[in-house]
Amino acid sequence: MAEITIDITVQNPYRVHIGTRLLEGAGAVVRDAVPRARKAVIVTDSNVGPLYAHIVRDSLAEAGLEVAVHTFPAGEEHKTLATYGAILEFLAAEELDRSDVVIALGGGVTGDMAGFAAATYMRGIAYVQMPTTLLAMVDSSVGGKCAVDLSCGKNLAGAFWQPGAVVADVGCLGTLTPEQLADGCGEVVKHAVIADASLFELLEKTPLTFDLLTRDLSLAAAIIARNVEIKRDVVVIDERENGARKLLNFGHSIGHAIEACSGYTLGHGTCVAVGMVAMARGARAAGWDAPDFEEDTAERIDALCRAHGLSTACPYPADELVEAAMHDKKRRGTTIDLVIPHRIGAASIERCDLEQLRAIIELGVEAPAEGGAR
Ligand SMILES: NC(=O)c1ccc[n+]([C@@H]2O[C@H](COP(=O)([O-])OP(=O)(O)OC[C@H]3O[C@@H](n4cnc5c(N)ncnc54)[C@H](O)[C@@H]3O)[C@@H](O)[C@H]2O)c1
Ligand SMILES: O=C(O)C(=O)C[C@@H](O)[C@H](O)[C@H](O)COP(=O)(O)O
Ligand SMILES: [Zn+2]
């Protein structure tokens with residue numbers, strides 16, 4: 001249904017294929033993207049593997065590839081050095097060589113870890129992203145960021161390593177839970193806030209419900225394609241996040257801190273939603289201003305997240321979040337780069353000192369309800 005080229009220059013350009021029944025034909029895409037590959041290792045998690053690995057395995061075999069499957073326990077709490085190490089050991093035990101290919105079949109956790117394994121195995125081999133969550137289709141499968149979490153925080157060990165292709169089969173959305181699908185909407189709202197007021201207005205009129213997206217796969221494909229275009233337009237001008245790419249981090253300084261505080265039990269998109277609202281509200285309350293600031297920005301982001309089933313109440317007190325946010329990768333000594341929305345469709349990257357971050361968090365998050373986390 002849609003094919004988008006990511007025209008990067010540090011590594012090779014690649015295509016994102018978005019449509020239905022694409023996993024059945026995934027072997028041909030891999031063959032085309034990595035013509036020299038003799039063997040493929042599918043890396044997947046314990047939920048996705050039983051649902052889809054056999055389809056991909058058959059298609060890869062049909063395309064003439066030898067195939068092995070490595071399955072790890074599902075969940076962000078397994079996005080660790082230990083799981084990543086086990087993937088590397090599997091690649092070595094299967095004797096993958098530098099011409100072979102890793103297949104990341106799953107959500108963002110799988111894509112980030114399999115991508116990082118591919119980036120570092122023998123100093124870098126090819127991989128193909130096959131995202132199976134909405135979040136991974138609209139965001140994590142594109143752009144080449146891959147990582148694992150460390151005990152101090154999110155994505156602290158990783159690389160930029162671009163896939164050879166992305167195969168987003170929208171039929172996979174049908175086996176998600178409504179909560180998992182809603183979680184992906186956090187990143188959709190983010191893209192709309194930083195770059196596309198029309199998309200934001202469309203979502204205000206017609207929120208992306210589970211029923212709508214799983215019934216109307218053409219609409220799902222169109223929404224995913226628009227998100228991939230938004231991300232592409234940022235990544236192609238700043239592949240390694242020296243500047244503009246930081247915009248894609250809107251909501252993440254606080255969002256990642258919430259994830260860490262939750263022991264990685266809360267979904268990434270859900271935490272980004274809380275982080276976006278807190279940042280928009282807190283920055284305004286802390287006095288950030290510009291001629292194009294629009295007063296209702298935070299409230300519109302808040303309302304749109306809630307319309308997508310995402311709670312925007314912060315479950316942790318400000319001082320805990322400030323502590324966790326200190327490990328953010330965008331911190332440089334006593335300063336940190338934050339993304340502040342001015343109005344729907346426009347945001348800027350601002351260098352703040354840590355006291356300003358503290359003020360934004362304190363003003364932006366609501367105090368937790370009696371008795372702790374909500
Ligand atoms: N690299 C990037 O640019 C980038 C961008 C955004 C997020 N991320 C990372 O992505 C991760 C979040 O991704 P996620 O929300 O996809 O998490 P996930 O991979 O943990 O998937 C969420 C849950 O859905 C299950 N699942 C996946 N696809 C399924 C399907 N089709 N049917 C049934 N169950 C399915 C998984 O097993 C898991 O339990 C975080 O670690 C985040 O940091 C990375
Ligand atoms: O691709 C990017 O760049 C992003 O920032 C996308 C984010 O949605 C994603 O969560 C990313 O992994 C966060 O990057 P990090 O560098 O803050 O770990
Ligand atoms: Zn994110």
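At least two residues of the shell around ligand 1 come from each of helix H2 (48–62), helix H4 (108–120), helix H5 (134–140), E7, E8 and helix H6 (178–195). Helices (H or I, at least four residues) and strands (E, at least two) are DSSP runs numbered from the N terminus. The model is predicted: local features need pLDDT of at least 70 and side-chain atom pairs pLDDT 80 or more, while totals for chains, interfaces and linings use all residues. Residues are numbered from 1 along each chain as its sequence is written, and chains are lettered from A and ligands numbered from 1 in the order in which they are written.

**Exercise 1.** Describe the residues that surround ligand 1.

Step 1. Ligand 1 is surrounded by 33 residues (C-beta atom, placed from the backbone, within 6 Å). The closest are Asn47, Gly107, Gly108, Thr133 and Ser140.

Step 2. Sort the shell around ligand 1 by class: 9 residues are nonpolar, 15 polar and 9 charged. Here Ala, Val, Leu, Ile, Met, Phe, Trp, Tyr, Cys and Pro count as nonpolar, Asp, Glu, Lys and Arg as charged, and the others, Gly among them, as polar.

Step 3. Assign the shell to domains, whose bounds come from an automatic or database assignment. Domain 1 (2–175) and domain 2 (178–364) each give at least three residues to the shell around ligand 1.

**Exercise 2.** State why ligand 2 is said to lie between domain 1 and domain 2.

Step 1. Around ligand 2 there are 13 residues, and Gly143, Lys145, Asn155, Leu248 and Asn249 are the closest. Strand E7 (145–150) and strand E8 (153–160) are the elements that give two or more residues to this shell.

Step 2. By class, the shell around ligand 2 holds 2 nonpolar, 4 polar and 7 charged residues.

Step 3. Both domain 1 (2–175) and domain 2 (178–364) contribute to the shell, so ligand 2 lies between them.

**Exercise 3.** Describe the contact between domain 1 and domain 2.

Step 1. The C-alpha centres of the two domains are 25 Å apart.

Step 2. Domain 1 puts 31 residues into the contact and domain 2 puts in 30 residues (C-beta atoms, placed from the backbone, within 7 Å).

Step 3. On the side of domain 1 that touches domain 2, strand E1 (2–6), strand E2 (14–19), H5 and E8 give two or more residues. H5 gives the most, with 5 residues.

Step 4. This side of domain 1 has 17 nonpolar, 8 polar and 6 charged residues.

**Exercise 4.** Trace the 7 strands of the open sheet with mixed pairing.

Step 1. The order is E1-E2-E9-E6-E5-E3-E4, where two strands pair if DSSP finds at least two bridges between them.

Step 2. E1 and strand E4 (66–72) are the edge strands, each pairing on one side only.

Step 3. Strand E6 (residues 126–131) pairs with strand E9 (residues 165–169) in the parallel sense over 2 bridges. Gln129 has Val166 in E9 as its bridge partner.

**Exercise 5.** Trace the 3 strands of the open antiparallel sheet.

Step 1. The strands follow the order E10-E11-E12. Strand E10 (331–332) and strand E12 (346–353) form the edges.

Step 2. Over 2 bridges, E10 and strand E11 (residues 335–343) pair in the antiparallel sense. Arg331 stands opposite Ile336 in E11.

Technical notes: Contact = placed C-beta atoms within 7 Å.
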